[in-house]
Amino acid sequence: MEPTLTAPHATADLISRNNTPMIRLIDIEKVYQTDTIETVALNRVNLTINRGEFVSVMGPSGCGKSTLLSLMGLLDEPSGGTIEIDGRAVTSYSDKELARVRNQKIGFIFQSFHLINDLSVLDNVELPLLYRAGTSGKERRQLALAALEKVGLSARTKHFPSQLSGGQRQRVAIARALAGTPEIILADEPTGNLDSVMGEEIMDLLLGLHRHEGTTIVMVTHDENMAHKTERLIRFFDGSQVS
Amino acid sequence: MLLSYLKLAWKVLLRRKFFTFISLFGISFTLMVLLVVVAFFDHAFGAHYPETRIDRMVFAQFLHVKFKDGGNMNTPPSYHLLDKYVRPLRTPERVAIASNFHATPSYVGNRKLDLDLRYTDANFWQILDFHFLEGKAIQEADVKAAARVAVINQATARQYFGTDHGVVGRTIAVNQLGYRVTGVVEDVPAMRLASYADVWVPITTSPDDLQKTDLNGDYLGIILAKSAEDVPAVQAEFEQAMKRVPLTDPKTMDHLDLHADKLFTAFARQLTSPLTEYKSDGMEYLVPILGGLALLFMLLPALNLVNINVSRIMERSSEIGVRKAFGATGGKLVGQFLVENIFLTLLGGVVGLVLAYIALQVISGAQLLAYAHFELNGRIFAWALLVTVFFGVLSGVYPAFKMSRLHPAQALKGSGK
Ligand SMILES: Nc1ncnc2c1ncn2[C@@H]1O[C@H](COP(=O)(O)OP(=O)(O)OP(=O)(O)O)[C@@H](O)[C@H]1O
Ligand SMILES: [Mg+2]
């Protein structure tokens, strides 16, 4: 493609530049109540992630990063405050609508992978598509294979998670989040278990998704180098945003 | 969606062999026992050869006499009692009287055969639906003339004559008396106590004094109602007739009980007599007791399954969390686990059915009971299927529902509280 022709067609760039909020956290509190102690994981967090933004989140262990991500991914309810996705308060969603939002808008990469051990790599990656109405078995397979291709695991589709290394499992988890081509990717230390070469590749993959598809990405990382490749860096300390 | 559930269920079962084995074993063993019991029951009390019209038949076979000193006498009734008070009943289509069967020695050369011999009237052959391989039944004229004729079963024909063809007209010696064979019938299972025998001969050839007026004897009455709906009317008339039977020794005897019962209720009345004093057939006790036992019998493995399933589904809590995180609704998850469970239980059901079939074949083949042939019929199969699905739903719905209501984050942490 000629360089001169790219500018007028750079629609993805236009999307990423627009300033409509994708995820808004308003006065979010999260308190974990156990029998003996009460842990304040998030303390009055106000945060807006715009459509098409690539944000990284850093902070010491236990400061509430995973908690933040799971609230954004609608996996848990806050103890206080409001979460808005695409301008709509999450509390107004029914159970079914919540499932649909998780399925179509969000792709989650868990810190501890959370692959289903009883399913093959391919079946694991097909999972988000399984819950998408009107996707045929053949389509599911094709999309899952394409996602596995992107993370360089085409040769391992029939393996089971227990037969894979930590890095390979991480890549399966990433492929699963990509397979449904979600608008938002929430990645909890996606490169934590990868060597620096593989880590770079995954980072390039996320950067590519962000740049070309306009995917909104929130990524937790402990790696300053990775964090500096993103548009915005948010630092957390003890349940509060510090920068 | 169903297909992918099934595919998944199959994979999960294959990958969790131990769990699958335990569950399947529980289901299929329970079902097998249940099916074998039902088959026994059906074999003994269902409409089977030669009592095919069992829905229209009642039996008068257990006489109970209560004595003034508190004593009891339980025997079969006498011929006289049945002949004088039961045979004249007007509501039944027909009344037959026959003796109970007794092992009687017979010799083929030097070999001794113990043949079960029964004395019958002619109506016996009208009420029961014997299959004749050759010849014909004992006729009214035979009974009147006390003719030495006999109907024998196929097994006896083979053992005694070495063949079951062309036996009619030949003579069989039973109790050192010669009887001319008039017919050969298919073997009757020994569990059909009212009709079974190896050799049937006219009741008038019995060495017993049929005119003896004692109440107790060695006979039974088989009564055929005009229709199944007519059975209560027959029973009502029978009860009236029994009120007119005089006690042979009013000084010592208090009263007598003889009832016209359906095949099963006759046994139920005997079984529950300590509670009912023979005044009722005892079904009001027996039905809840048997039903309760059956329910308990099914409930225990079902509860066990629920327990296994709860822990299994809890164990898969993280899977549920992942599925929810990627868009599964609670309903879909319940559906998934239900399909999985029903699939598992149906599999267990099929295995149980096969086991029951094999068990019944072995029992039939071992000839523990003479000429018994146990069958799994369509009705039993339908019941088995129903029970199986009941297991599947019961053991799957509760844990699945519980888990499907968790927040994904909770489920992912594995806290199925
Ligand atoms: N289910 C829970 N019950 C009780 N406390 C919890 C629970 N989940 C998290 N916490 C607490 O909340 C705080 C924040 O946890 P979180 O997992 O969000 O930290 P994090 O920033 O992701 O840490 P890391 O970098 O180690 O992954 C911690 O103090 C943790 O102990
Ligand atoms: Mg974390």
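Me: Buried means under 20% relative accessible area, exposed means over 50%, and partly exposed lies in between. This model is predicted. Why is Glu97(A) called partly exposed?

Reply: Glu97(A) has 23% relative accessibility.

Me: What makes Arg88(A) and Glu97(A) a salt bridge?

Reply: Their side chains meet at 3.5 Å, N to O. The cut-off is 4 Å from a Lys or Arg side-chain nitrogen to an Asp or Glu carboxyl oxygen, so the pair qualifies. Arg88(A) is itself partly exposed, with a relative accessible area of 33%.

Me: How do you know that Glu183(A) forms a salt bridge with Arg51(A)?

Reply: The closest N and O atoms are 3.4 Å apart. The limit is 4 Å, so this pair counts.

Me: Which parts of the chain does the pair link?

Reply: Distant ones: Glu183(A) and Arg51(A) are 132 residues apart. Glu183(A) sits in the loop between helix H7 and strand E7 of chain A. Arg51(A) sits in the loop between strands E2 and E3 of chain A. Glu183(A) has a relative accessible area of 29%, and Arg51(A) has 24% relative accessibility. Both values fall between 20% and 50%, so Glu183(A) and Arg51(A) count as partly exposed.

Me: Which residues are linked with Arg51(A) and Glu183(A) in a network of salt bridges?

Reply: Asp86(A) and Lys105(A). Asp86(A) lies in the loop between strands E4 and E5 of chain A. Asp86(A) has a relative accessible area of 32%, so it is partly exposed.

Me: What makes phi of Asp86(A) worth a remark?

Reply: Phi of Asp86(A) is near 55 degrees, a positive value in a residue other than glycine. Asp27(A) also has a positive phi, near 50 degrees. Asp27(A) lies in strand E1 of chain A. At 33% relative accessibility, Asp27(A) counts as partly exposed.

Me: Why is Leu47(A) called buried?

Reply: Leu47(A) has 4% relative accessibility. The limit is under 20%, so Leu47(A) counts as buried. Leu47(A) is placed in strand E2 of chain A. Beyond its neighbours within four places in sequence, Leu47(A) contacts residues including Ile23(A), Leu68(A), Met72(A) and Ile234(A).

Me: Is Ser206(B) buried or exposed, and how do you know?

Reply: The relative accessible area of Ser206(B) is 11%. That is under 20%, so Ser206(B) is buried. Ser206(B) lies in the loop between strands E11 and E12 of chain B. Leaving aside neighbours within four places in sequence, Ser206(B) touches Tyr119(B) and Tyr219(B).

Me: Which members of the largest nonpolar core touch the most others?

Reply: Ile152(B), Ile172(B), Trp200(B) and Ile222(B), in a core of 75 residues. Beyond four places in sequence, Ile222(B) touches residues among them Met57(B), Phe59(B), Phe124(B) and Leu128(B). Another core, of 55 residues, lies apart from it, with Ile28(A), Phe108(A), Val334(B) and Phe337(B) among its members.

Me: What covers the buried residues of H8(B)?

Reply: The cover includes helix H2, strand E1, helix H9 and helix H10 of chain B. Leu263(B), Phe264(B) and Arg269(B) are among the buried residues of helix H8 of chain B.

Me: What makes the contact between chain B and chain A?

Reply: Each chain gives 28 residues. The chains bury about 2400 Å² between them, 60% of it on carbon and sulfur atoms. There are 0 salt bridges between chain B and chain A, and 4 residue pairs in polar contact. In chain B, helices H1, H11, H12 and H14 each supply at least two residues to the side that touches chain A. The residues of that side divide into 11 nonpolar, 7 polar and 10 charged.

Me: What joins Tyr49(B) and Pro50(B)?

Reply: A cis peptide bond, with omega about -5 degrees. Pro50(B) is in the loop between H2 and E1 of chain B.

Terms used:
Residues are numbered from 1 along each chain as its sequence is written. Chains are lettered from A and ligands numbered from 1 in the order in which they are written. This is a predicted model: local features need pLDDT of at least 70, side-chain atom pairs count only at pLDDT 80 or more; totals for chains, interfaces and linings use all residues. Side-chain values use heavy atoms; hydrogens and water are left out. Contact means heavy atoms within 4.5 Å. Buried area is the accessible area (1.4 Å probe) that two parts lose on being put together, summed over both. A polar contact is a pair of N or O atoms within 3.5 Å; within protein, one must be able to donate a hydrogen and the other to accept it, and residues adjacent in sequence count only if both atoms are side-chain atoms. Helices (H or I, at least four residues) and strands (E, at least two) are DSSP runs, numbered from the N terminus. Ala, Val, Leu, Ile, Met, Phe, Trp, Tyr, Cys and Pro count as nonpolar, Asp, Glu, Lys and Arg as charged, and the others, Gly among them, as polar. A nonpolar core is a set of buried Ala, Val, Leu, Ile, Met, Phe, Trp, Tyr and Cys residues joined through side-chain atoms within 4.5 Å. Buried means under 20% relative accessible area, exposed over 50%, partly exposed in between (1.4 Å probe, protein chains only).
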